[in-house]
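Please look over the two-chain model below before reading my notes. The points follow the parts in turn.

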Protein chains: 2
Amino acid sequence: MPADVSLATVAAQAGVSVSTVSRIVNGETRRASPATVQRVRDAIEAVGYRPNPAGRALRRGETQLVAVLAANLDNPAMATIASSTEAALREAGYVMILCDTHDRPELQDEYLAAMRVQRVGGLVMIAAVASPGLAEMAGAGVPMVFVTRRNPVGPGLFVGIDDRAAGAAVADRFVAAGCRRPAVVFPRRGSSASRDRVAGFVDRLAALGVASEAVLRGEGDGLSHLQVGYDGSAALFERADRPDAVLCVSDQIAYGLARRAREAGIGIPDPCCVVSIDGTPLNQWVAPWLASVRIPYPVYGAEIVAGLEAIRRGEAPAERLLPFAFG
Amino acid sequence: MPADVSLATVAAQAGVSVSTVSRIVNGETRRASPATVQRVRDAIEAVGYRPNPAGRALRRGETQLVAVLAANLDNPAMATIASSTEAALREAGYVMILCDTHDRPELQDEYLAAMRVQRVGGLVMIAAVASPGLAEMAGAGVPMVFVTRRNPVGPGLFVGIDDRAAGAAVADRFVAAGCRRPAVVFPRRGSSASRDRVAGFVDRLAALGVASEAVLRGEGDGLSHLQVGYDGSAALFERADRPDAVLCVSDQIAYGLARRAREAGIGIPDPCCVVSIDGTPLNQWVAPWLASVRIPYPVYGAEIVAGLEAIRRGEAPAERLLPFAFG
DNA sequence: CTGAAAGCGCTTACAG
DNA sequence: CTGAAAGCGCTTACAG
């Protein structure tokens, strides 16, 4: 229905000027008489008017578009964040542009530049990677929020969990369960999130009397956490003194580890229990043997949008740490 | 870098009019002298000019935006399609807007209307549902392609596989393997894809001597195929004459069935072998017991964009059926 | 081969 | 309380 109805159409229908209609469309109602407001609203309704975003964007120098740059949409956790962000943005009147950077700095920069040209009203970086353009962008005045991973090249609003605390919680559980040989599997070229989870785990174990050197570490390379888990756990399972409890810093790493365990004939959770940090719903279906720290990804969207709007209002960007829990 | 550089900036720099610059930017080079073309190109380079999409959209009445409406981004197959579509669109100079309809007609219509207002240059419907607005949209002249599910309310360009043939291929395999009690699990309120897979399976079995009545059917409700598999397989496993071979019309249904089998203490693939249609990479990691017909989702993106551009060129929309294979 | 001008739809000082 | 006018950046007949 809206296609050729412009402000002018409404103005003609209501018998007022386009200026007046524009003001009312934008909520500037107190400067108009109640009768006019009503007449204009009726006219809008009657002709089915919806503002043309191009006209508005041209004038304002900014669109209702918000770009989400995600490192890897094939990762279910990121797909869930993207999905919840989409819903929250829509709710708030924005439209989501989605870009998959494949964790590659050049591609991230290419997108960043393209989104600048598009005059997006905000930028959501899910697992951002360090890149020249990222630093530049921060200075451009576009509201930006960093999800899951902190801004690798500067300050910035962060939405995520307390990663150190999550790692520590797993350490507590292992010790409480009487595990004797804890291990952790993580990506070698890790993000702030991975690193913090590992550090929180190791530090808490140390505080509880397990020396850092006694904690086995399995590192894997590559973008795919499935592969990281598979590769990173290989050495652990070949040892004579195998671990009896392994922390995987993501669900996908746990899936990769499970495949390795299967091939090595090692049972999970007995004799080796596995805990991951993510807690994606899929676990219950395909990995019932897996215990997890559950991250509330479905609520990330709302937090991200709230953060974006806080920046837009000029508030000082404060971290938004969400609660996690075993489950 | 581009932010306040407009056609006028370039024109001043090159010492020509904006008309001339505009033409050259748009590839209209043969009407200009080679010297001018060169001068303008240098100027563009020098000032880092990139056309402002808002100005262009306002003038042309159409943007470089293409909207992808997906029924459920939490479904890995759809996430993979979305991801490959994003890459192909970017390659072709478009920008992807992503919307999650949650398989709900009202939400789909809301998005359709919003995308119309945005003046998107194309619409990609991944698993579209029937809705009033969908029929309307077809008449609006926006290029549209239907992925996975055919247009439920009319004609339209389809990108997918030959679903009947995929079902039939599974029937062939079951018969060749000497299975005696085949079954199929599918969503009760299914799409064209589900229905065709089931029909292809049943018809081929009939042709091979297994009467349609002898094929056990498990149906499940709801949007989640995980749940569909869990619910739909319950009755199958309670029977005295349990199936020895089950076709699940999607990977997720197979995951759901597996959970049920686990709880019922039934082994897979022995005594009951399971085949699904999807063949997502995750299978190898979390469901090594699962055989699949593999659908080449990573190439969907390129096909979708090719289809969009064919429509745009005014070609008659022909189906684009992609090859599938066991693996 | 090139440029001046109109107009896409919107917002916003400014004048009244 | 309301409107005329300018201008955001672009494209495209039209004139030369």
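**Notes on the model**

1. Residues 6-50 of chain A have end C-alpha atoms 8 Å apart, and this span is 67% helix and 0% strand. Helices (H or I, at least four residues) and strands (E, at least two) are DSSP runs, numbered from the N terminus. UniProt places "domain: HTH cro/C1-type" at these residues, in an unreviewed entry. UniProt positions follow the numbering used here, feature names are shortened, and annotations may be inferred rather than shown by experiment.

2. A word on the basis. This is a predicted model: local features need pLDDT of at least 70, side-chain atom pairs count only at pLDDT 80 or more, and totals for chains, interfaces and linings use all residues. Residues are numbered from 1 along each chain as its sequence is written, chains are lettered from A and ligands numbered from 1 in the order written, and side-chain values use heavy atoms, without hydrogens and water.

3. Chain B holds an open, mixed sheet of six strands, in the order E7-E6-E8-E9-E10-E12. Strands pair if DSSP finds at least two bridges between them. The edges are E7 (216-220) and E12 (325-326) of chain B, each pairing on one side only.

4. Within that sheet, E8 (residues 245-248) and E9 (residues 273-278) of chain B pair in the parallel sense over four bridges. B:Leu247 stands opposite B:Val275 of E9(B).

5. Helix H10 (residues 225-232) of chain B lies across E6 (182-187) and E7 of chain B. H10(B) runs at about 140° to E6(B). Axes are lines fitted to C-alpha atoms, for helices over the stretch in contact, with angles from 0 to 180 degrees between N-to-C directions.

6. How many residues does each chain bring to the contact? Chain B gives 49 residues and chain A gives 49 residues; contact means heavy atoms within 4.5 Å. The chains bury about 4500 Å² between them, 58% of it on carbon and sulfur atoms. Buried area is the accessible area (1.4 Å probe) that two parts lose on being put together, summed over both.

7. Two salt bridges cross the interface of chain B and chain A. The rule is a side-chain nitrogen of Lys or Arg within 4 Å of a carboxyl oxygen of Asp or Glu. A:Glu110 forms a salt bridge with B:Arg90, with the closest N and O atoms 2.7 Å apart. On the side of chain B that touches chain A, H6(B) supplies the largest share, seven residues.
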